[in-house]
Amino acid sequence: MIEPAPSNRPLVLVADDDEDILTLVTFRLERLGCDVVKARTGDEALRVALGQVPDLAVLDVTMPGLDGYSVTRELRRAEPTSAMPIILLTARAQEADVARGLAAGADDYIRKPFDARDLHERVERLLSRGPEPS
Amino acid sequence: MSNKPQRLTLRIAAYTGVALLFAAGAILWFVNSRATAEAENQAVNRAQFIADALLHNELGEADFVRPVTGQRRARLDELFQRAVHTEGMLRMNLIAPNGQITYSTSPALIGSRQPDDEMALEPVLRGSGARDVSEIEQGGRRIKAFETYLPVQPAGGAPIGVFELYQDYDSRITDQARNTLYPVAGFLALALFVLCAALVPILRRVTAAVEIRNEQLVEQATRLEQSLAFAQEAQMETESARSALSEQNKRLVELDRLKDEFLSLVSHELRTPLTSIRGYLDLVLDEEAGTLNPEQRRFLKAVERNSGRLLRLVGDLLFVAQADAGRLTLERAKVDVAALAADCVEAAQPVADQRAIDLQLAAVPVPALVGDRGRLAQVVDNLVSNALKFTPEGGRVEIRTSTIGDYVYLEVEDSGIGIPAAEQSRLFERFFRAAAATERAIPGTGLGLAIVKAIVEAHAGAIEVISAPGKGTTFRVELPLREARTAEAVEEAA
C-alpha cells in the first residue's frame with residue numbers, strides 16, 4: 001500500500017450532540033473539500049481540538065457536559081488553539097445568545113436551521129483568513 | 001363607676017366637716033375664754049361694788065384688829081346676810097394686815113390665819129386688787145370658788161385690811177360664760193349645718209362634673225388606644241399584604257423566567273429537528289442523492305414550503321413571547337422607510353403578479369429615522385403580505401410613505417375583502433383571526449399583526465386600521481422621527 005500523501009485539505013472539527021445534524025454538517029463540509037473530525041459532546045470536542053488542532057471548529061452551543069460557550073473559552077485559553085477560527089452553531093437564535101457566543105471568543109455564528117450557502121460562505125471566509133497572528 | 005363619685009363626695013364632705021369642726025372648736029374656745037374673762041371681770045366688779053358701796057361705810061379699823069365678837073359680829077352677820085349674801089355668793093372674809101381672819105361668814109374660820117399658800121396680802125394692802133380660783137368646803141361639799149381680794153380703805157386713808165369674797169365659780173363665771181357661748185355655739189352649729197347642706201350638692205355637682213370629665217378622658221384614652229390598635233392592625237395588614245404582593249411578585253418573576261426558559265427550550269427543541277428536515281431536504285433538492293424527477297421535486301418543494309412555515313411560526317412565537325416580556329431589543333440604526341417599502345414591493349412582486357394584483361409603490365422620500373431595520377422590514381413585509389392575502393385576484397395594493405411634522409407615515413392600502421368594525425378592535429390580538437380569513441381558508445397564525453404592533457410600539461409609534469367590508473383596508477403606521485432616547489443612543493454609537 002502506498003502511503004497517501006499528507007492531505008492539504010483543511011481539517012474541521014464538527015461538534016454536535018444531534019447525530020443527524022452532525023452527519024449533515026459533515027457531509028456539507030466534505031463536499032466543500034474539508035476533512036472532518038467529529039465530536040458528540042463538549043468534552044470530546046475540547047479533547048479533539050487540543051489534540052489535533054484543526055483549522056476550524058464548528059461547535060453546537062447546546063451539548064451535554066461542556067456547552068459550546070465553555071468549549072470556546074477553553075480553546076481560546078489554550079496556546080495551540082487560541083487563534084483557531086470558531087463558528088458557533090446555535091438554535092438559540094436570540095440576540096443575547098449570539099452576543100454571549102461572541103463574548104466567549106467565537107468568530108462567527110450560524111443560526112439553525114442553516115442554509116448550505118450560508119455555511120459554505122462562512123467556512124470559506126474563515127479558512128482563507130488563516131490563523132490570526134496572536 | 002357610680003359608686004366612685006359618691007365615695008369621693010363623702011370624702012370631701014368628711015374632710016370639709018373635720019376642718020370646719022376644728023375651726024368651730026377654735027372659735028368656741030376663743031369665745032369661751034373671752035366670755036370667762038368677761039365673767040371674771042364682772043365678778044371682780046361685783047366684789048368691788050360690794051366693797052365700795054356697802055362695806056366702806058360700815059367697816060372700821062376695829063374690825064381688822066382682832067376677831068370680832070358679840071354684837072359686832074352679829075351686826076356684820078346681819079349686814080352680810082342682807083346686802084351681800086345673794087345667789088352665788090359663798091363666803092366673805094375680813095382679813096387683818098397680819099393675815100388673821102377677823103370675820104367670816106363661815107364662823108369656823110374667824111380667828112384663824114390666812115393659809116400661807118393663799119394669795120399674798122401685801123400687794124392688796126398696797127391698794128391693788130387680786131383674784132384667784134380655789135376649791136372650798138361649803139355645806140359638806142367642795143365647790144369651785146372665784147376669790148376676790150380687795151383692800152378696805154377709809155376715804156383718803158391707807159388700807160386698813162382686806163376684804164375677801166368667794167363667789168360660786170359655776171353659777172357666777174361658768175354659767176355666765178355659757179350664756180355667751182351657747183348662742184355662739186348654736187349659731188355656729190346652724191352655720192355649719194347650712195354650710196354642709198349647701199356644700200354637699202355643690203360637691204356632688206363638682207364631683208359629678210369631675211367624674212364626667214374623667215369618664216370623657218377615660219373614653220378618649222380608650223378611643224385612642226382603639227385607634228392605635230386599629231392603626232397597628234392596619235399596618236400589620238399592609239405589611240402582610242406587602243409581603244404577599246412581594247411573594248406574588250417573586251412567583252410571577254419566577255413564572256416569567258420559567259416561561260422564557262420554556263420558550264427558549266421549545267424554540268431550540270423545534271429548531272433542531274427542523275434543521276435536520278430542511279438540511280436533508282436541501283441535500284435531496286440539490287440532487288446530492290441522485291437526480292429527481294419533476295414530480296419528486298414538486299412534492300419535496302411542498303415539504304420545504306411547509307417546514308418553512310413551521311420555522312416562521314416558531315420564530316413568531318418566540319418574538320411575541322419576547323415582546324410580552326418587554327425584552328424586545330432593537331438594533332438601532334438610521335433607517336430609510338421609503339427604501340424598505342421599495343425593497344418589500346420588489347420582493348412581493350412575484351406573488352402579486354401570480355395573483356394578478358396591481359402592486360403599486362407611492363414612496364415619497366422621507367427623512368431617515370432611528371430604528372431597527374430588520375424589525376421595520378418585518379412590519380412592511382407583514383402588512384404587504386396580509387394585503388396580498390386578503391385581496392382577490394385582479395385587485396390593487398398600494399404602499400405609500402409620507403412625512404407630516406415629526407412623523408413618518410407608512411400606509412398599505414388594499415382593495416380586499418375588508419374587516420367588519422366589530423373585528424377591528426381585536427385585530428392586533430395574538431392568535432386572533434378574522435372570520436373571513438378562517439372561512440376562506442386563508443393561511444395564517446394570527447400572529448402577524450400582533451408582531452407588527454409590538455415592533456411599531458417598540459419604536460414609540462402607533463398603528464391604526466381603516467376598513468369596511470367589501471371596500472378594502474388601509475393600515476397606517478406612524479413612526480416618530482425624533483425620539484430623545486434613540487437620538488442619544490445613535491450619538492453614543494457614533
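View 1. Seven of its 39 residues, Val337(B), Ala341(B), Val379(B), Val380(B), Leu383(B), Val384(B) and Val452(B), touch the most other members. Such a core joins buried Ala, Val, Leu, Ile, Met, Phe, Trp, Tyr and Cys residues through C-beta atoms within 7 Å; buried means 20 or more other C-beta atoms within 10 Å of the residue's own, with C-beta atoms placed from the backbone. This is a predicted model: local features need pLDDT of at least 70, side-chain atom pairs pLDDT 80 or more, while totals for chains, interfaces and linings use all residues. Residues are numbered from 1 along each chain as its sequence is written, and chains are lettered from A in the order written.

**View 2. Val452(B) and its neighbours.** Not counting residues up to four places away in sequence, Val452(B) touches Val379(B), Asn382(B), Leu383(B) and Ile463(B). Contact means C-beta atoms within 7 Å, placed from the backbone.

**View 3. Helix 5 against helix 10 in chain B.** Helix 5 (residues 294-324) of chain B packs on helix 10 of chain B at about 40°, axes 10 Å apart. Asp316(B), Phe319(B), Val320(B) and Ala323(B) of helix 5 meet Ala450(B), Ile451(B) and Ala454(B) of helix 10. Six of these contact residues are nonpolar, none polar and one charged.

**View 4. Where chain A meets chain B.** The contact takes 13 residues from chain A and 14 from chain B. Helix 1 (residues 19-31) of chain A gives the largest share of chain A's side, four residues.

Definitions and conventions: A residue is buried if 20 or more other C-beta atoms lie within 10 Å of its own, exposed if 12 or fewer, and partly exposed in between; C-beta atoms are placed from the backbone. Two residues are in contact if their C-beta atoms, placed from the backbone, lie within 7 Å. Helices (H or I, at least four residues) and strands (E, at least two) are DSSP runs, numbered from the N terminus. Axes are lines fitted to C-alpha atoms, for helices over the stretch in contact, and angles run from 0 to 180 degrees between N-to-C directions. Ala, Val, Leu, Ile, Met, Phe, Trp, Tyr, Cys and Pro count as nonpolar, Asp, Glu, Lys and Arg as charged, and the others, Gly among them, as polar.
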